Amino acid sequence: MNVLVTGGAGFIGSNFIFYMREKHPDYQLICLDKLTYAGNLATLQGVMNEPNFQFIRADIADREAIYSIFEQEKPDVVLNFAAESHVDRSIENPSIFLETNVMGTQVLLDACRKYGVQRYHQVSTDEVYGDLPLDRPDLFFTEKTPLHTSSPYSASKASADLLCNAYCRTYRMPITISRCSNNYGPYQFPEKLIPLMIANALANKPLPVYGEGLNVRDWLYVEDHCAAIDLILEKGEVGQVYNIGGHNEMKNIDIVKLICKALDKPESLITHVTDRKGHDMRYAIDPTFIHEKLGWLPQTRFADGIKKTIQWYLDNRGWWENIISGEYEQYYERMYGNR
Ligand code: NAD
Ligand code: TYD
């Protein structure tokens, strides 16, 4: 089996590559990544020289490059993790989100149509459903919840999902989609809530909580997400959307306090800063469908996952300190300087 993983030098894609290496050592894995600010070859160091692994640097929106890679590599399966993934950056500059997340998905779908694949899987997000109110804990996102996006990021991801549905129906292509809740775990770029708070706390820097910090996210350990995608590849039904989440809702402020406690840092580091524009209040996935149809259940409890994650950031300081000392420094100043 020849498996093409786009965005494999990023957070979830790299964890997926590690997961697949263990689970299906006989698969030929090709990681295709543009290596944007969020892609990091250091992450893939451990697999780079393995015989069943190949890295190709390319942009999913570059039609010529993508067609020639498909012509040469003839992937059986394509998993699209590649995306611009940070909501705050999408608010600052939406264009690249449309180029990569929408046009890039279209190029990949066209390539799959032209060269033929057994499966194209689109890695999407629960953010396509918009948000839920805080005072209705009985409400959850199901696969039937209408798309109702808030940010340029979620709008671009929803657009890509609609394209996938259209290609599946019109051209009868073997497409599946998964919509997962917030992930956490090793190799997450330190612009996202959990790694940013760990890195800042370790440096005794302010911990910038947007608004009151009452927004709720539904956190899933990244390996559980990877296992769900693998299951969808093996047993998922073409044309189907699968929601992935583990019923682990947490307020942002509680996550930040938990990180302070785990690192023995004072809560006085917490600084409430100007809220994100259009900030979604609550995300919450109902994972009944994937559980009943494919037997998926998360394996990692949040208490264990966050402990492992914090330990990973302590043990791998070089990985994220390298990132923080580069272009990221200017980004941080721009985003948080006068917030
Ligand atoms: P990430 O930002 O850490 O990684 C994205 C990767 O895609 C990087 O390696 C980057 O170099 C690559 N990339 C970006 N533009 C590209 C292009 N034009 N061509 C080729 N490669 C390109 O993102 P992530 O958190 O790992 O998210 C992966 C996928 O999962 C995304 O599609 C995202 O929407 C989705 N998702 C993420 C979460 C989450 O909590 N992080 C939750 C649900 C869904
Ligand atoms: P983030 O990790 O950016 O994921 P998403 O916006 O895709 O859910 O943010 C998670 C939550 O944390 C979100 O409600 C915004 C909030 N947040 C902060 O309060 N401060 C920060 O510095 C960041 C990056 C996020």
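Colleague: Helices (H or I, at least four residues) and strands (E, at least two) are DSSP runs, numbered from the N terminus; with that in mind, which element gives the most to the shell around ligand 1?

Modeller: That is β5, which gives three residues to the shell. Bear in mind that this is a predicted model, in which local features need pLDDT of at least 70 and side-chain atom pairs count only at pLDDT 80 or more, while totals for chains, interfaces and linings use all residues. Residues are numbered from 1 along each chain as its sequence is written, chains are lettered from A and ligands numbered from 1 in the order in which they are written, and side-chain values use heavy atoms, with hydrogens and water left out.

Colleague: How many residues surround ligand 1, and which are the closest?

Modeller: Counting a residue as near if one of its heavy atoms lies within 4 Å of the molecule, 28 residues surround ligand 1, and I12, D33, S85, Y153 and K157 are the closest. By class there are 13 nonpolar, eleven polar and four charged residues, where Ala, Val, Leu, Ile, Met, Phe, Trp, Tyr, Cys and Pro are nonpolar, Asp, Glu, Lys and Arg are charged, and the others, Gly among them, are polar.

Colleague: Switching to ligand 2, which residues come nearest?

Modeller: Of the 19 residues around ligand 2, the nearest are E127, R217, R276, H279 and Y336, and the whole shell divides into nine nonpolar, five polar and five charged residues. The side chain of H279 places an N or O atom 2.7 Å from an oxygen atom of ligand 2, whereas for N182 a polar side-chain atom lies 2.9 Å from an oxygen atom of the ligand. Ligand 2 taken alone exposes 510 Å², of which the protein buries 97%.

Colleague: Back to β5: what is the strand order of its sheet?

Modeller: The sheet is open, with seven strands in the order β3-β2-β1-β4-β5-β6-β11 and parallel pairing, where two strands pair if DSSP finds at least two bridges between them.

Colleague: Why is one side of β3 and of β11 left without a neighbour?

Modeller: β3 (53-57) and β11 (241-244) stand at the edges and each has a single partner strand, so one side of each has no neighbour in the sheet.

Colleague: And which strands does helix α4 touch?

Modeller: First, the pairing beside it: six bridges join β5 (residues 119-125) to β6 (residues 175-180), running parallel. Helix α4 (residues 95-115) packs on the sheet and touches β1 (2-6), β4 (77-80), β5 and β6, its direction making about 165° with that of β5. Contact here means heavy atoms within 4.5 Å, and angles run from 0 to 180 degrees between N-to-C directions of axes fitted to C-alpha atoms, for helices over the stretch in contact.

Conventions
A polar contact is a pair of N or O atoms within 3.5 Å; within protein, one must be able to donate a hydrogen and the other to accept it, and residues adjacent in sequence count only if both atoms are side-chain atoms. Accessible areas come from the Shrake-Rupley method with a 1.4 Å probe; for residues, only the protein chains shown count as cover.
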